[in-house]
Amino acid sequence: MTSTMLNACMRFIALFTAALLMTLTLSGCWNRRELNDMAVAIAIGIDRVDEQYEVTIQTVDPSQMSNNRNVDRFPTRIYSEKASTIFEALRKVTSKSSRKIYLAHLLLLLFNEEMARDGIKEPLDFLFRDHEVRPDFNIAVTRGYQTKDVLSIVTPLEVLSALDLYRSLNVSQKLWAPTAAVNINEMMVMLTNDGVEPILTGLTLIGDLNKGLSADNVKQPRPYLYFKFKGIGVFRKDRLVGWLNEPDSKSFSYVNNHVSSTVGSVQCPGSKKRFAIELVKSKVSREPSIRNGSPHMKLIVHVSGNVGEVQCETEINDKSIIELQELASEQLKSIIENSIQHVQSQYGVDIYGFGANFHQKYPKQWRQWRTNWNEQFAQMSIEVQMDYHLRLIGKIISPFGNNPQQKKE
Amino acid sequence: MNKTGITQRQATMWFTLYQLGSALLILPSSLAAYSKQNAWLSVLLTMILFIVLSPLFITIAKQMGDRSFHNYLTGMMGNVIGKTVMVLFLIAFPFLTFWLVLKDLSNFVTTSIFPETPPEAVHALILIAVVIGVRAGVTVIGRSAELLFFIVILLVAIGFLSLLPVLRFDYLLPMLEGGFKPIFHGSILLLAYPYLECVLYLFLVPDFQDASKWKLSLMKSTLTSGMIFLIITVTVVAALSEGVTANLVYPSYFVIRTISYADIYQRFEIVVAILWYITIFFRLALLLHVVTRGLADAINIKNANKLVIPLALIGFVMAKEVLPNVPSVITAFEVWPYYVFVFSLILPAILLMLGWMRRARGRNGTPT
């Protein structure tokens, strides 16, 4: 009897000790981070300032994100530090802030133009190496302004300006097209792989810088200062060499199948007025081939669009829509051809990644081309074949104000 | 009798988890470094090479019958040489691997998840689990393999199948660009690590309820883990491209971090860490089991369980000391296959020849 009692007792003590030990080990590890010790960074800007990096971080003030927030305090905080490496600069910030910077929720990384022309490989190394950073944030290059200024502006639609920038970039790539929402993962692919050169979208500010940095900027419907994503930057290796204008940027988005929808206008047949087309589907397929020993690229553009706005005098019927379709098709074809020619003659770098297509199809020839691929690209002949369809015409048939019944009489 | 030992199903699952072990995280990187976009062909070639080499191990298992590996070895080589070879083999191969695997685990955890946690804490926690497992015996480990196997499959499916929409299969082209040699080089790597470590499964032959099922476990587990390796390699290379994959230390983990759909379905890279912990447990458990049983036989200790804790403690110390830094791990990994061949190909080949010679000499002697 006593021995079983003793056994039960021992068992209980053993279980109790085990449970106690578990609570000790399960409560956390060395690396626990309390939420109120962290400053969550949502955007980083890197400026080149006299051989050093000036790193600007936009962090979120958590108490200002709740519903009963204090209106006088701003929800974001900007910290800025100079150092010769990014890592040092980030840690230096702790001398200005009571919290350690937490990078896992980073949305946006900005370089100023000088940094981009200097090469972005080195500043990117830290962001890949660090364990906290997730490979899903977007990158852009600021044009004409330091990233510090861009990150400091007060934007109207979101309380966090970085979130506004991030959303705007992704929406504009989807719905307007002359921008490219490049995330860090795609950047890494473009930097490491043969036969493709990187691109990054440009970001600029428009308006009065000094007034735009205060909360007054959003106290009126028309802000003093606003941001705008503008053009696509062309890189040779990791260095920025120039910018594409809007039509060329748009054409780049077509060729690389980034467009999910956009709007373009075309001149009416027989008049100076224009009609607008909303593209709803666009896909460009590539057919690399070899002609007389040199590379030749055939692009087949499959597009379908809807008539969105008509200024023309002509009626819309089955004949005229074919005419409009032809015009639109011709125009898109020339835009794509011209823009590729621009890139070929002006920069001579293969931002479209045609090289990778040749590498995949003609590995043997590629071995001869790969060392001077950009020269091959600059001289390559391009052929564009269109497959353009106009489908819908909207809620009215003929241009607004025309009465089809009257004309028939 | 049906309570002790392991069933063929349990062993298959255990071996599969063992093979997935360390290679799961780093394999795509080291394969892409050699065979670039054709990394997946290396996996296929490894399977073929293994099937070609497997009769070597299957014949040995047959020759062993119901003897333990130690008895088989001493039977072949005589008591003194057999025991010496046994001890040397255990220290130079499974025990060394045990240290390296522990080190691998803490390197990953401290690089990717908890940078400030001391590696000793990582080592100690998993060692406690492994010691409990090994002391409890193969039956318990076999049953837990049965339980956790499907969790591993589920996690692999969740993690890697959710990459399907972003895969760009043109990253896998052109095929056979650098010729056959780099693919062969890559498959040598995978063959040695972990497939030829199957020489260690020979220690488990006497634990099988039906020893003739050993070869089934071997082949089934190899094909299962080969399929998983194939899926992982294809998804990682098709999602990241070979150039990026080759420069990552833990590509399988990184690739899961890139998943983000609709800003909701994202940030579950920790499933890879869970996968890695489960598979590493079975790897460590098998290695420690082999070293314990082998050493106990070689130095005539009746109760092998007495050796488990001392050996684990030696492992705890050596894991910290065995390799000083991460680049040395990468360098060591380059020569590792050729080192492994000594124990996993040359030794079994010698044993096999000795076995045939004995049989030829003593046709009328002991039946094999």
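**Figure 1. Helices α9 and α10 of chain A.** Helix α9 (residues 246–255) and helix α10 (residues 318–347) of chain A have axes that come within 9 Å and cross at roughly 105 degrees. Here, axes are lines fitted to C-alpha atoms, for helices over the stretch in contact, and angles run from 0 to 180 degrees between N-to-C directions. This angle makes α9(A) roughly perpendicular to α10(A); angles of 65 to 115 degrees count as roughly perpendicular, under 35 as roughly parallel, over 145 as roughly antiparallel, and the rest as oblique. Helices (H or I, at least four residues) and strands (E, at least two) are DSSP runs, numbered from the N terminus. This is a predicted model in which local features need pLDDT of at least 70 and side-chain atom pairs count only at pLDDT 80 or more, while totals for chains, interfaces and linings use all residues. Residues are numbered from 1 along each chain as its sequence is written, and chains are lettered from A and ligands numbered from 1 in the order in which they are written.

**Figure 2. Residues between α9(A) and α10(A).** From α9(A), the residues A:P247, A:D248, A:S251, A:F252, A:Y254 and A:V255 meet A:I335, A:I336, A:S339 and A:H342 of α10(A). Two residues are in contact if their C-beta atoms, placed from the backbone, lie within 7 Å. The contact of α9(A) with α10(A) comprises 6 nonpolar, 3 polar and 1 charged residues. Ala, Val, Leu, Ile, Met, Phe, Trp, Tyr, Cys and Pro count as nonpolar, Asp, Glu, Lys and Arg as charged, and the others, Gly among them, as polar.

**Figure 3. The surroundings of A:F126.** A:F126 belongs to helix α4 (residues 121–129) of chain A. Leaving aside residues up to four places away in sequence, A:F126 touches A:I86 and A:F87. A separation of 14 Å lies between the C-alpha atoms of A:F126 and A:L106, which are 20 residues apart along the chain.

**Figure 4. Helices α8 and α14 of chain B.** In chain B, the axes of helix α8 (residues 181–192) and helix α14 (residues 326–361) come within 9 Å and cross at roughly 55 degrees. The two helices, α8(B) and α14(B), are therefore oblique to each other. Their crossing is left-handed, a term for a near helix turned anticlockwise from the far one by less than a right angle, whereas clockwise gives right-handed. B:I188, B:L189 and B:A192 of α8(B) meet B:W336, B:P337, B:V340 and B:F341 of α14(B). This contact of α8(B) with α14(B) has 7 nonpolar residues, no polar and no charged residues.

**Figure 5. The contact of chain A with chain B.** Chain A contributes 15 residues to the contact and chain B contributes 20 residues. On the side of chain B that touches chain A, at least two residues come from each of α5 (79–113), α10 (242–246) and α11 (251–257) of chain B. That side of chain B has 8 nonpolar, 8 polar and 4 charged residues.
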